[in-house]
Amino acid sequence: MTKRKLILYSTEGCHLCEQALCLINSTSHISSIDIEIVDIAVCDKLIALYGVHIPVLEDKHREKKLFWPFDEVQLSTWLSE
């Protein structure tokens, strides 16, 4: 089975991003997903898109995003869609 690739838009020192990553790592779906963490601080375009919204989880294949705040139930539902 191919792992689902997700992107977590984040930045260094963001406590909300750390909370989101903990939620992602504790989900029952963790064995079927591959997380790439992208620091938005390295790109002006990413700062403009996500600067006030991080953390943001993106599934590029499904072209869907999950914006913070989200909890375990919302994350699990989003991953199951």
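These legends describe close-up views of a predicted model.

Residues are numbered from 1 along each chain as its sequence is written, and side-chain values use heavy atoms, without hydrogens and water. Because the model is predicted, local features need pLDDT of at least 70 and side-chain atom pairs count only at pLDDT 80 or more, while totals for chains, interfaces and linings use all residues.

**View 1. Two cis peptide bonds end in proline.** P55 is in the loop between α2 (44-50) and β3 (56-59). The other cis bond joins W68 and P69, with omega about 10°. P69 is in the loop between β4 (64-67) and α3 (72-80). Helices (H or I, at least four residues) and strands (E, at least two) are DSSP runs, numbered from the N terminus. Most peptide bonds are trans.

**View 2. E63 has a positive phi.** Its phi is near 55°. E63 lies in the loop between β3 and β4. With 71% relative accessibility, E63 is exposed. Buried means under 20% relative accessible area, exposed over 50%, and partly exposed in between (1.4 Å probe, protein chains only).

**View 3. Two aromatic pairs are counted.** Rings of Phe, Tyr and Trp (its six-membered ring) pair if their centres lie within 6.5 Å; planes under 30 degrees apart are stacked, over 60 edge-to-face, and the rest tilted. Y9 and Y50 are stacked, at 4.3 Å centre to centre and 20° between the planes. This pair links distant parts of the chain: Y9 is in strand β1 and Y50 in helix α2, 41 residues apart. Both Y9 and Y50 are buried. The ring centres of W68 and F70 are 5.0 Å apart and their planes are at 70°, so this pair is edge-to-face. F70 is buried, at 4% relative accessibility.

**View 4. L57, F70 and L75 touch the most other members of the largest nonpolar core.** A nonpolar core is a set of buried Ala, Val, Leu, Ile, Met, Phe, Trp, Tyr and Cys residues joined through side-chain atoms within 4.5 Å. This core has 13 residues. β1 (4-10), α1 and α3 each give two or more residues to this core. Another core, of 10 residues, lies apart from it; I7, C17, V38 and V56 are among its members.

**View 5. The charged end of R62 sits over the ring of W78.** The distance to the ring centre is 4.9 Å. A charge counts as over a ring if NZ of Lys or CZ of Arg is within 6 Å of the ring centre and within 35 degrees of the ring normal.
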